[in-house]
Structure formats: C-alpha cells, structure tokens
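Trainee: I'm new to this one and would like to go through it with you. Could you put it on the screen?

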Amino acid sequence: MKDEKIPEKLMTLEEVAEYLRLSVHTIYKMAQKGKIPALKAGKKWRFRKEDIDRWLTQRSYNLPKEKK
C-alpha cells in the first residue's frame, strides 16, 4: 500500500472564486476563455488546486516591477 496516491479533490467554481477572492462570474469567464487552468466535466467547471497555485506563481513573476 505504499506510494498510493490519494485522489485530489477538484475545486468548484465557487471554491476557486472564494480562494482567489474574485467573483464567480469572473472565474467562469476566465475558464471559458482559457485564461485559468480548468477542466469541464459535463456542464460544470472544475479546477485542480495545484494547477491554480502554479498558475498564480507563474503570473506573479510577470507582474511589472514597482517604481520607486
């Protein structure tokens, strides 16, 4: 039973919106346009937390530098 992976829980649209402190509508539009990593299961959008965290990290490196 060693090295068995526990299946990760997929986040819902509402959970991602709360996690990122954005509206559900914003996350929905971003998912539709492919601007945020998402999976579509039937009519529902689902998100892997590790994908969202990686996406945030990548985007944070692209922020403009603060002017002094």
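Trainee: Taking the contacts in the protein with a separation of 6 or more, what percentage comes from residues 24 or more positions apart?

Mentor: Keep in mind that this is a predicted model. Residues 24 or more positions apart supply 42% of those contacts with a separation of 6 or more.

Trainee: Okay, and how many helices and strands are there?

Mentor: There are three helices and three strands, and reading from the N terminus their order is β-α-α-β-β-α.

Trainee: What share of the residues is buried?

Mentor: Of the 68 residues in the protein, 21% are buried. As for the surface, the protein exposes about 6200 Å², and carbon and sulfur atoms supply 52% of that area.

Trainee: Let's move to charges. How many salt bridges does the structure hold?

Mentor: It holds five salt bridges. As a general point, side chains of opposite charge can pair when their charged atoms come close.

Trainee: Which residue does E15 pair with?

Mentor: E15 forms its salt bridge with K9, and the closest N and O atoms of the two are 3.2 Å apart.

Trainee: And are those two buried or exposed?

Mentor: K9 is exposed, because its relative accessible area is 61%, whereas E15 has a relative accessible area of 29% and is therefore partly exposed.

Trainee: Where do E50 and R54 sit?

Mentor: Both lie in helix α3, four residues apart, which is about one turn of the helix. R54 and D51 are also both in helix α3, with a spacing of three residues, again described as about one turn.

Trainee: Why does D51 count as buried?

Mentor: D51 counts as buried because its relative accessibility is 17%, and the cut-off for buried is under 20%.

Trainee: Changing topic, which residues make up the patch of positive charge on the surface?

Mentor: The residues that gather there are K29, K33, K35 and R59. To place one of them, R59 is in helix α3, which covers residues 49-60, and R59 counts as partly exposed because its relative accessibility is 48%.

Trainee: I also noticed R46. Where is that?

Mentor: R46 lies in strand β3, made of residues 44-48. With a relative accessible area of 25%, R46 is partly exposed.

Trainee: Leaving out residues up to four places away in sequence, what does R46 touch?

Mentor: With those left out, R46 touches L10, M11, T12, A38 and L39.

Trainee: And what separates the C-alpha atoms of R46 and K9?

Mentor: Their C-alpha atoms are separated by 9.6 Å, while along the chain R46 and K9 are 37 residues apart. That brings us back to K9, the residue that pairs with E15 in a salt bridge.

Notes: Residues numbered from 1 in each chain as written. Predicted model: local features only at pLDDT ≥ 70, side-chain atom pairs only at ≥ 80, totals over all residues. Heavy atoms only, no water. Patch = residues over 30% accessible without salt bridge, like charges linked within 9 Å, V, L, I, M, F, W, Y side chains within 5 Å. Areas by Shrake-Rupley, 256 points an atom, 1.4 Å probe, with all protein chains shown as cover. Salt bridge = Lys/Arg side-chain N within 4 Å of Asp/Glu carboxyl O. Lys, Arg positive; Asp, Glu negative; His and termini not counted. Charge placed at Lys NZ, Arg CZ, Asp CG, Glu CD. Helix = DSSP H or I, 4+ residues; strand = E, 2+ residues; numbered from the N terminus. Buried < 20%, exposed > 50% of the residue type's maximum accessible area, 1.4 Å probe, protein only. Contact = heavy atoms within 4.5 Å.
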